[in-house]
Amino acid sequence: MGTVILTEGFKDVLAMHAVGYTHTVALMGTNISKIQIEKLKQYCCKAVILLDVDTPGEVAAQKINHTLIDEGFLTRILRLPPGEDPDSFLKKDPKEFCRFMARGTTIAHPSEKLLIEACVIYPDVVCREKPFTELLTELLIQQDLPFQIPLHREMLHGLTGGRSRSFEEVAKQWRKKGNKELEALLKSNPQEDEGEIFLRLLILYMEKRVEVLIYQLTCRMRYETEEEKRIRLLDELTIRQQQECFVATYLERIWMDYFPVMGKCRTTYKWSPG
């Protein structure tokens with residue numbers, strides 16, 4: 001269960017397929033129907049919305065975005081340069097188009113970005129008598145929940161010893177720019193140390209990643225007709241559900257109130273003793 005790229009017309013689809021984006025489909029307009037959504041659910045749970053850059057296209061993108069979110073999709077609206085559509089942009093500058101698409105088509109929960117930036121901006125934070133970056137790396141490997149964004153995986157690798165020139169450049173930019181959400185989170189919990197707060201971020205990330213994986217497996221089982229494949233999917237689903245229980249043992253100790261990660265809602269985490 002992967003990602004679909006949604007465009008307006010068939011010319012855009014032909015252009016996208018020509019450069020390897022074969023998971024692109026056309027809406028044949030600026031609306032998405034219930035039938036189209038049900039069909040998409042058979043193959044994916046993430047959608048990149050890539051419509052024309054004009055007022056109707058922007059309005060349609062927002063409407064489709066909200067509809068897909070309500071249907072359980074993870075979404076991202078990808079905005080082309082002014083005056084371009086996928087076909088024209090590709091013909092004008094193929095290399096820049098491919099770079100643009102590579103940057104914009106991976107969808108991850110916002111907690112992933114916040115978590116890796118926290119590690120880079122505050123590399124010396126300790127949690128439970130262990131460097132937080134080390135704890136993070138161990139848990140992601142142990143639970144098979146790697147970061148989805150390639151840059152984030154590269155930065156985590158850099159923090160644990162595999163440093164490169166590109167790592168140093170990105171780390172310098174992130175530290176100079178800072179992260180307002182992260183700063184607000186630290187200020188809203190002055191009674192707690194940074195390690196405990198970063199642990200909340202890690203738990204949130206793990207929870208959302210497992211939720212998506214379970215949703216993907218459930219959708220695949222729903223449409224799988226071969227019995228052997230259904231059995232394998234069921235086994236994998238059982239493992240992920242057990243993993244969800246593992247994460248929940250941590251979440252039971254957390255009370256959510258106000259914490260700036262989700263964008264629309266802001267949630268704070270307070271650690272209860274015990």
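This is a predicted model: local features need pLDDT of at least 70, side-chain atom pairs count only at pLDDT 80 or more; totals for chains, interfaces and linings use all residues.

Entry 1. I looked up Val-4 and found a relative accessibility of 5%, so Val-4 counts as buried. Val-4 belongs to strand S1, which covers residues 2-7.

Entry 2. I then listed the contacts of Val-4, leaving out residues up to four places away in sequence. The residues touched by Val-4 are His-23, Val-25, Leu-40, Cys-44, Lys-46, Ala-47 and Val-48. I also checked Cys-45: its C-alpha atom is 8.1 Å from that of Val-4, although the two residues are 41 apart along the chain.

Entry 3. I next traced the sheet. It is open and has 4 strands in the order S2-S1-S3-S4, with parallel pairing. Its edge strands are S2 (24-26) and S4 (74-77), each of which pairs on one side only.

Entry 4. I examined the pairing of S1 with S2, which is parallel and runs over 3 bridges. Within S2, Thr-24 is the bridge partner of Ile-5.

Entry 5. Last, I looked up the helices. Helix H1 (residues 10-18) lies across S1 and S2, and runs at about 170° to S2. Helix H3 (residues 55-70) packs on the sheet, where it touches S1, strand S3 (44-49) and S4. I recorded an angle of about 170° between the directions of H3 and S4.

Definitions and conventions:
Residues are numbered from 1 along each chain as its sequence is written. Side-chain values use heavy atoms; hydrogens and water are left out. Helices (H or I, at least four residues) and strands (E, at least two) are DSSP runs, numbered from the N terminus. Buried means under 20% relative accessible area, exposed over 50%, partly exposed in between (1.4 Å probe, protein chains only). Contact means heavy atoms within 4.5 Å. Two strands pair if DSSP finds at least two bridges between them. Axes are lines fitted to C-alpha atoms, for helices over the stretch in contact, and angles run from 0 to 180 degrees between N-to-C directions.
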